[in-house]
Amino acid sequence: MNILLIGRGRMGQSIQETAEAAGDRIAASFDGLDIDGLSRLGRVGDVIMDFSRPAAMSHIADYVRRTGTPLLSGTTGLGEAERRTLESLGAYAPVLWSANYSLGIAVLYRALREIAPVLGEDYDVEITETHHNQKEDAPSGTANLLLQAVDPAGTLTPVYGRQGMVGKRTPREVGVHSLRGGTEAGTHSVHFFGPDEEIAFTHRAASRRIFVNGALHMARLLPGKPKGLYDLQTILFGA
């Protein structure tokens with residue numbers, strides 16, 4: 001597989017090392033310092049793997065529209081405009097975005113979609129996420145993904161941390177809390193606090209390799225699919 005890699009940070013470097021060790025080829029790579037060079041590049045890869053920053057989205061979008069190259073993106077922190085741009089690219093190529101390419105997170109997301117409606121309003125939901133001290137966005141894209149799983153209709157009000165005399169917790173809020181420190185690869189927990197009981201789901205990443213392996217696995221599945229916007233649930237579970 002020939003890969004056009006966008007992003008040379010920790011994730012990008014890990015993708016390159018793992019891909020090349022598996023016999024794949026990095027056809028070209030760009031980051032924020034030379035992303036303008038993408039405009040002068042023809043189609044060189046079977047797939048684009050984007051793990052960069054939101055500011056690169058406009059350059060990537062122009063390239064996808066011009067070449068029709070399938071796009072796999074794991075860039076988090078996208079604003080509303082960048083999100084709309086990403087979604088529009090499904091008209092030109094198969095496009096897959098996920099905040100987390102771990103198979104375990106995909107399974108957790110599916111489980112939460114099934115469980116949350118059963119527990120209903122009698123259970124208060126709180127989400128915590130922990131990452132290394134170099135992570136720039138908060139809450140993590142994965143925390144937002146899990147929030148979407150427990151509240152797909154967006155009827156709950158997210159509360160990002162609490163301080164001072166905030167009053168009693170309301171039934172229609174969901175707490176989202178971010179911890180940062182050390183070299184933590186990523187831990188996400190979703191708590192359902194009900195009458196006289198708590199149900200908690202936790203996913204712990206032992207290393208970043210699970211995200212790299214998952215992203216490369218999905219990158220191999222994307223080329224050849226019809227144009228459109230995909231997510232992990234659609235590709236892995238068909239729904």
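Here are a few questions and answers about the predicted model above.

Reader: What should I know about the model and its numbering?
Author: This is a predicted model, where local features need pLDDT of at least 70 and side-chain atom pairs count only at pLDDT 80 or more, while totals for chains, interfaces and linings use all residues. Side-chain values use heavy atoms, without hydrogens and water, and residues are numbered along each chain as its sequence is written, starting from 1.

Reader: How many helices and strands does the protein chain have?
Author: Helices (H or I, at least four residues) and strands (E, at least two) are DSSP runs, numbered from the N terminus. Counted that way, the protein chain has seven helices and eleven strands.

Reader: What radius of gyration does the protein chain have?
Author: The radius is taken over C-alpha atoms, and the globule rule is 2.2 Å times the number of residues to the power 0.38. For 239 residues, a compact globule would come near 18 Å; the protein chain agrees with that, at 19 Å.

Reader: How many residues of helix α5 are buried, and which elements cover them?
Author: Helix α5 spans residues 141-150 and is mostly covered, with eight of its ten residues buried. Among them are L145, L146 and L147. Going by contacts (heavy atoms within 4.5 Å), the cover includes α4, β6, β7, β8 and β9.

Conventions. Buried means under 20% relative accessible area, exposed over 50%, partly exposed in between (1.4 Å probe, protein chains only).
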